[in-house]
Amino acid sequence: MTRDKNLETARLQKEIGDYIGLGPDSLVFNYEETPDKGTKLLVITLNPRHNQSFLFHQTSGSDKQDALRNMLDYVRTHKERTSSWTIQWSDRGDGGLQTSYFRAKNILEALDKLFYDRDPNSITVFSVMLNPMS
């Protein structure tokens, strides 16, 4: 029996969301075909509190399902392989201080996730802090 790729995609996306702890209204799965005939997957989180989106993680694979399986492998173990970061920032047009939390290997990766898909001049970063391990 041939497995329906759309059902497999939906199942993997739901499982990833369950591991992250976010529902379908808070996650976007962006797929990009790469020149080497593979698929790049970017999982974006949506934060309704500050009306912003941030990069959660990026993987790749030979096709959508392979990229999703690689993302699922990542989310199952990312807490053991990454640190927790708190970034306080403000949108240039808004005076309010925002606080966002990221899991990343280092400070540069945390900032890359904050600045993903936006003009770096549109945000002012006030502090980046490595959170204590729990």
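**Exercise 1. Identify what covers the buried residues of helix 1, and state which residues these are.**

Solution. The cover of the buried residues of helix 1 includes strand 1, strand 2, strand 3 and helix 2 (64–81), contact meaning heavy atoms within 4.5 Å. Helices (H or I, at least four residues) and strands (E, at least two) are DSSP runs, numbered from the N terminus. The structure is a predicted model, in which local features need pLDDT of at least 70, side-chain atom pairs count only at pLDDT 80 or more, and totals for chains, interfaces and linings use all residues. Residues are numbered from 1 along each chain as its sequence is written, and side-chain values use heavy atoms, with hydrogens and water left out.

Next, the buried residues of helix 1 are Glu8, Thr9, Leu12, Ile16, Gly17 and Ile20; buried means under 20% relative accessible area and exposed over 50%, with partly exposed in between (1.4 Å probe, protein chains only). Seen down the axis of helix 1, these residues fall within an arc of 165°, so they line one face of the helix. The arc is that of the directions from the helix axis to the C-beta atoms. On the other side of helix 1, Leu7 and Lys14 are exposed.

**Exercise 2. Describe the sheet and its edges.**

Solution. An open sheet is formed by 3 strands in the order 1-2-3, with antiparallel pairing; two strands pair if DSSP finds at least two bridges between them. Strand 1 (27–33) and strand 3 (52–61) each have a single partner strand, so one side of each is left without a neighbour in the sheet. From one strand to the next, the twist averages 20°.

**Exercise 3. Examine how strand 1 and strand 2 are joined.**

Solution. Strand 1 pairs with strand 2 (residues 39–47) over 7 bridges in the antiparallel sense. Within this pairing, Ile44 of strand 2 is the bridge partner of Val28.

**Exercise 4. Determine what is found just after helix 1.**

Solution. Helix 1 comprises residues 5–20. Just after helix 1, Gly21 adopts a positive phi of about 90°.

How values were computed: Axes are lines fitted to C-alpha atoms, for helices over the stretch in contact, and angles run from 0 to 180 degrees between N-to-C directions.
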